[in-house]
Amino acid sequence: MEHSFTKWIVFFILFFPVSFTVQAEALPHAEAVLKNYAQQWTFDGNIEAVNQATVSSRVSAQVAEIFYDVNDRVEKGALILRFNDEEIKTRLWQAEANLLAEQAQLKEVQARYTEAAAEAKRINDLYQRKQVTRSALDKAEADKAATAARVNVLNAQIKARQAEVEQAKVELSYTEVRAPYAGVMTRRWIEVGEMATPGQALMSGLSLDDLRVVFTVPEKQLTEVMAAKLDVLLPTGEHLTQLDKILIPAADPKSHSFHIRLDLPQKINGIFPGMTTKVIAYGSERTVLVIPKQALVKRAEVDGVYVLAQQRVVFRQVRVGTDYDDGWVEVLSGIDAGEQVITQPDMALLYLQLQHD
């Protein structure tokens, strides 16, 4: 019917521009009313992976093989890169050989110490019976002490050799780089044949199984948002509620804002780190002035409405607030409760053109 009314106005504008006048009250209109709505704040959020990391080299060695590339899926513990291990193996074999040699020496010296201790005891018994001189006893005790010192030195050397062996084994284990968790490779920082140094980045990856939304809240709204019900609108169009809120308890010193994390359910299809999302927080109810959304019109980048006042139509600039899902929009300034707004702005414009002509 409204479409027919519009055609009717156009018809008379074209063919009877002077003789016909349309009554303003005939235009479709509605009243600006006060309604109760929950306070609502909308924030931009970013989706990120809970588990994301860059594995780095812990040895100085040449890359021998790379088993995965960007976009490849890997399982936890999978071998993703191997270094040339010949030099480290050589050091390990040398350390093990030195350890075996010194352990053999220790056995020999321990045997000599046993003999020296027995000889010193025998000489001491003879000395007590006045059958040997003091110098003979001193010599036996000196031999025993020297042998004991040699045992102590070899024990210390063996501990050092054992440490060298363990260190070589650890370094050898570093020549195989494994995935810390199941995920997807996102970046490759080195090529086969290149020389890596300790701390150098090798491969980056992340897990798509565990994702979260991170958004920023100004300090002045933090208390209200932490107590509010949250609705996350994902890029797929899916709404998620009842997600646990995790506050990072440190404000940005420049913006004085806080980061809040929301853990998403596992394995959501079509959602990837780096995507953006909307987080809507619903607080306590308040009374707001609202008008139907269809009454709102933009003219030269200005929001406004056509108001029906004293049988006349006038354009009124307004400042709008929250856009509600039930077809109403909040008006912060520009009109008062009870005023009538035209719900078909195009018809109001035609009416004004008719009156002007």
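Mentor: The buried residues of α2, where buried means under 20% relative accessible area with a 1.4 Å probe and protein chains only, are Ile88, Leu92, Ala95, Leu99, Glu102, Leu106, Val109, Ala116, Ala120, Ile123 and Leu126. An α-helix has 3.6 residues a turn, so residues three or four places apart point the same way. What covers the buried residues of α2 includes α3, and the buried residues of α3 in turn pack against α2; contact here means heavy atoms within 4.5 Å. On the α3 side, the buried residues are Leu137, Ala140, Thr147, Val151, Leu154, Ile158, Val165, Ala168 and Glu171.

This is a predicted model, in which local features need pLDDT of at least 70 and side-chain atom pairs count only at pLDDT 80 or more, while totals for chains, interfaces and linings use all residues. Residues are numbered from 1 along each chain as its sequence is written, and side-chain values use heavy atoms, with hydrogens and water left out.

Helices are DSSP runs of H or I with at least four residues, numbered from the N terminus. With 43 residues, α2 reaches 62 Å from its first C-alpha to its last, close to the expected 63 Å, and α3, with 41 residues, reaches 60 Å, close to the expected 60 Å; the expected span is 1.5 Å times one less than the number of residues.

Helix α2 (residues 86-128) and helix α3 (residues 134-174) pack at an angle of about 160 degrees with their axes 7 Å apart, where axes are lines fitted to C-alpha atoms over the stretch in contact and angles run from 0 to 180 degrees between N-to-C directions. That angle makes α2 roughly antiparallel to α3, a term for angles over 145 degrees. The crossing of α2 past α3 is left-handed, that is, the near helix is turned anticlockwise from the far one by less than a right angle. In the contact of α2 with α3, the residues divide into 22 nonpolar, nine polar and 15 charged; Ala, Val, Leu, Ile, Met, Phe, Trp, Tyr, Cys and Pro count as nonpolar, Asp, Glu, Lys and Arg as charged, and the others, Gly among them, as polar.

Not counting residues up to four places away in sequence, Thr147 touches Val109, Arg112, Tyr113 and Ala116. Finally, α2 is followed by Lys130, whose phi is positive, near 65 degrees.

Note on methods. Helices (H or I, at least four residues) and strands (E, at least two) are DSSP runs, numbered from the N terminus. Angles under 35 degrees count as roughly parallel, over 145 as roughly antiparallel, 65 to 115 as roughly perpendicular and the rest as oblique. Buried means under 20% relative accessible area, exposed over 50%, partly exposed in between (1.4 Å probe, protein chains only).
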